[in-house]
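Here are my notes for anyone opening this one up for the first time. Have the model on screen while you read, and click through the residues as they come up.

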Amino acid sequence: MADQKKKQFAKVNQLRPLDTGLNLTVKVVNAKTIAPRGRAQGRLAECLVGDETGIIIFTARNDQVDLVKDGNTLVLSNAKIDMFKGSMRLAVDRSGRVEVSEPASFSVKEDVNMSLIEFERIDVVV
């Protein structure tokens with residue numbers, strides 16, 4: 001029987017572009033459903049989520065949209081950072097999980113928005 005290792009939970013201010021396999025506990029600050037553009041099918045919502053270190057935009061898809069209500073505390077397992085127009089967006093795809101948990105004891109620090117930081121791709125020739 002294999003030992004199940006304890007999950008390491010990251011904080012919002014530790015997130016970096018293209019990170020994968022992230023586990024976070026966050027509160028939903030603001031959630032709004034948006035209409036998908038182009039050929040995209042399904043439901044889509046952009047939510048501002050955060051913890052005691054900062055906030056970031058979380059893109060919820062399909063069944064995840066039902067879970068993201070203002071004030072909910074979410075546990076995100078196997079999340080990843082997607083880049084959209086040079087800024088970071090948090091997302092959970094099919095290999096991850098989004099669960100509503102009991103209300104967290106922390107208050108969200110809203111003055112550090114990680115999605116407002118712009119990143120520029122630089123190709124390095126070796």
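1. Start with M88, which sits in strand β5; strands here are DSSP runs of E with at least two residues, helices are runs of H or I with at least four residues, and both are numbered from the N terminus. M88 counts as buried because its relative accessibility is 0%. For these labels, buried means under 20% relative accessible area, exposed means over 50%, and partly exposed is in between, with a 1.4 Å probe and protein chains only. Leaving out residues up to four places away in sequence, M88 touches L15, R16, P17, I56, I81, D82, M83, M114, S115 and F119, where contact means heavy atoms within 4.5 Å.

2. R37 itself is in the loop between β1 (22–34) and β2 (44–51), and it counts as exposed because its relative accessibility is 77%.

3. A word on what you're looking at. This is a predicted model, where local features need pLDDT of at least 70 and side-chain atom pairs count only at pLDDT 80 or more, while totals for chains, interfaces and linings use all residues. Residues are numbered from 1 along each chain as its sequence is written, and side-chain values use heavy atoms, with hydrogens and water left out.

4. Now zoom out. The protein chain has six strands and zero helices, so the pattern along the sequence reads β-β-β-β-β-β. Its C-alpha trace spans about 45 × 40 × 35 Å along the principal axes.

5. How much of the chain is buried? Of the 126 residues, 37% are. Among contacts between residues at least 6 apart in sequence, 61% join residues at least 24 apart. The chain exposes about 8700 Å², with carbon and sulfur atoms supplying 49% of it; the areas come from the Shrake-Rupley method with a 1.4 Å probe, and for residues only the protein chains shown count as cover.

6. On charge, there are 19 positive and 17 negative side chains, and the centres of the two sets lie 4 Å apart. Lys and Arg count as positive and Asp and Glu as negative, with His and the chain ends not counted. Each charge is placed at NZ of Lys, CZ of Arg, CG of Asp or CD of Glu.

7. The loop between β3 (54–61) and β4 (73–84) deserves a slow look, and Q64 lies in it. Is Q64 buried or exposed? Buried, because its relative accessible area is 12%. Its side chain reaches the backbone oxygen of V92 at 2.9 Å. Beyond neighbours within four places in sequence, Q64 is in contact with F58, T59, V92 and V98.

8. V68 is in the β3–β4 loop too, and it is buried, with a relative accessible area of 5%. Setting aside neighbours within four places in sequence, its contacts are V28, A31, C47, F58, A60 and L74. The C-alpha atoms of V68 and K32 are separated by 9.0 Å, with the two residues 36 apart along the chain.

9. D70, also between β3 and β4, counts as exposed because its relative accessibility is 51%. Not counting residues up to four places away in sequence, D70 touches V28, V29, N30 and A31. A polar atom of its side chain lies 3.0 Å from the backbone nitrogen of A31. D70 and V112 are 19 Å apart, C-alpha to C-alpha, and 42 residues apart in sequence.

10. Finally, check two backbone angles. N62, in the loop between β3 and β4, has phi near 50 degrees, a positive value in a residue other than glycine; at 39% relative accessibility, N62 counts as partly exposed. K85, in the loop between β4 and β5 (87–91), also has a positive phi near 50 degrees, and at 73% relative accessibility K85 counts as exposed.

Note on methods: Polar contact = N/O pair within 3.5 Å; in protein donor to acceptor, adjacent residues only side chain to side chain.
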